[in-house]
Amino acid sequence: MQSVTPEQTLAEPAMQELLNMLGINVEYTRAEGDTLRYVGPDGTPETVVDYAGGYGALVLGHNHPALVDTAVTFLSERRPVLAQASRQPAVDQIAARLNDIVGREFGTDERYFAIFSNSGAESIEVALKHAEFDRVLRVRSLLDEVEAHIAEVAAQAQTVAPPPGSGADLSTVLSGLRRDNAEAAARPPVFVALAGSFHGKLVGSVQLTHNPSYRTPFAGLAPAARFVSLDDLDAFDRIAEETRTVLRDVRVVDGVAVVVERPIPVVAAFVMEVIQGEGGIRVVTPAQADRIRQGCAALDCPIVVDEIQSGLGRTGAFFASSQIGFAADYLTLAKGLGGGITKTAVTLVAQRRYRRDFALVHSSTFARDGLSTAVTARVLELLEAENGAAYLRAKEKGEKLAEIFHDLRRRFPGVVREVRGRGLMLGLEFDDQSGSAAPAIAGASANGMLGYVISGYLLRVHRIRTFPTASAANTLRFEPSLNLADADIERLRVALEALCVALRDQDEQALMGG
Ligand code: PMP
């Protein structure tokens, strides 16, 4: 048998090769707060400040002591991790607590029902499935109503005249209606998402993730989403018009059958982030949110707000959408919900949309497991303690970082293009350098690798860890914990200053050498 050497990997080798090429293939051996530690090749201990923050999951930092304590206690007491189909009051308490937060932040009395799952993409898939379940049931109930009317008219066939101009007898007209209605009711759903969105990479959710390289190879696996740009939200009305589908109902007026159109829902949901994370930290404005709300209201189409990255307090409120008064029908949370220790996700569904029977057709072995539930309960306690001090801290730390970024943008035109985001969900976009006189810089930029080269430089030279957002490669993300230390902010300032100087001076030796 052929053995595999430790240097080889059978676990997604292409990713290892990329990390090697960028010089960032480091094995971290300890993690606390915003700090990761590793031992260099010569045995020197190194400390890295982590601004990638588990891609946004580490709102409370790595291995928060209270969360570690919760997990250790839970396990040492031999509490059940997996006891599916039993009474789980701790899960109900989390749902209740999330409802308190929704009520406070959105100023609503409406209840939101909670469906638990294991990852961000899964919580989106749950939202898609639930929205489709709800749509199918709405279509079915309309179809039943229409069918009852058709049957009533059929029963009076002797005394009712066919619709004028139909050119057929009544029973032929009615069977035509039945056939058309069955076809209309069987029409597949349409999901609408925003250009630039990222909603995960599973079979359904990847079709809502705009980046074509993630999405298009798998287009055959699930219905394609329709994308609308934030700059042209009128496109949503055009989609509504194009996909308009009706059932043909019938009623009798003065002894004559009259056919009436009854529109059915085809657009199953509008799915969006209010701050696009992987799309380059792009913030939806209140006016854009209003426009989406109007379009959806006209269609009675539910809105799914994906708070997987923006939620859990990092923008200065638990829900970023609450900061623009945008109360969705569905809210999805994941990442930070597990406190950086466990994997939990939840899909919250407003009572007006919730279908109780969904619980009987959807489940997952690991959803609502005891360990994750205990950790999530503690995460919510920590975030909600002291009247929301955590949210204020995220806002203040974010302002400090944003101030540094704006200062760099003013001082380094042609290097720093834009600063975007809110609280501790910030993006720093660099200008394209494909016209650079330095060939290596120009080449990296032309190949869409500038952001990765910059991340490599920040890690190697300054021990700062961050990455470009997945679909906007010139934008670096900054999503540290809300306990970020001032010294770590200062380390970032010094590093970014040196980076901007190297880019301004086209110093490829400083940037890529060594
Ligand atoms: N939605 C958003 C907004 C995300 O940022 C992500 C992850 N980057 C996901 C969904 C998918 O989450 P997961 O990786 O846990 O499947």
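A residue is called buried if 20 or more other C-beta atoms lie within 10 Å of its own, exposed if 12 or fewer do, and partly exposed in between, with C-beta atoms placed from the backbone. The model shown is predicted, so that local features need pLDDT of at least 70 and side-chain atom pairs count only at pLDDT 80 or more, while totals for chains, interfaces and linings use all residues. Residues are numbered from 1 along each chain as its sequence is written.

**View 1. Arg-78 in the loop between α3 (65-76) and α4 (89-106).** With 7 C-beta neighbours inside 10 Å, Arg-78 counts as exposed. Its phi is positive, about 55°, although Arg-78 is not a glycine. Most residues other than glycine have a negative phi. Helices (H or I, at least four residues) and strands (E, at least two) are DSSP runs, numbered from the N terminus.

**View 2. Ile-281 in the loop between β10 (275-276) and β11 (282-283).** Here too a residue other than glycine has a positive phi, near 55° for Ile-281. Ile-281 is buried, as 27 other C-beta atoms lie within 10 Å.

**View 3. The packing of α3 against α11.** The two axes (lines fitted to C-alpha atoms, for helices over the stretch in contact) are 9 Å apart and form an angle of about 150°. Such angles run from 0 to 180 degrees between N-to-C directions. Helices α3 and α11 are therefore roughly antiparallel (over 145 degrees). Among the residues in contact (C-beta atoms, placed from the backbone, within 7 Å) are Leu-67 and Phe-74 of α3 and Leu-371 and Arg-378 of α11. By class, this contact has nine nonpolar residues (Ala, Val, Leu, Ile, Met, Phe, Trp, Tyr, Cys and Pro), two polar (the others, Gly among them) and one charged (Asp, Glu, Lys and Arg).

**View 4. Helix α11 (residues 370-411) beside helix α14 (residues 486-504).** Their axes come within 11 Å and cross at roughly 15°, so α11 and α14 are roughly parallel (under 35 degrees). This crossing is right-handed. Lys-400, Leu-401, Ile-404 and Leu-408 in α11 meet Ile-489, Arg-493, Leu-496 and Cys-500 in α14. Six of these residues are nonpolar, none is polar and two are charged.

**View 5. The shell around the ligand.** Of the 15 residues around the ligand (C-beta atom, placed from the backbone, within 6 Å), Gly-120, Ala-121, Gly-200, Ile-308 and Gln-309 come nearest. Helix α5 (residues 120-155) gives the largest share, three residues. The shell has six nonpolar, six polar and three charged residues.

Note on methods. Parallel < 35°, antiparallel > 145°, perpendicular 65-115°, else oblique. Left-handed = near helix turned anticlockwise from the far one by under 90°. Contact = placed C-beta atoms within 7 Å.
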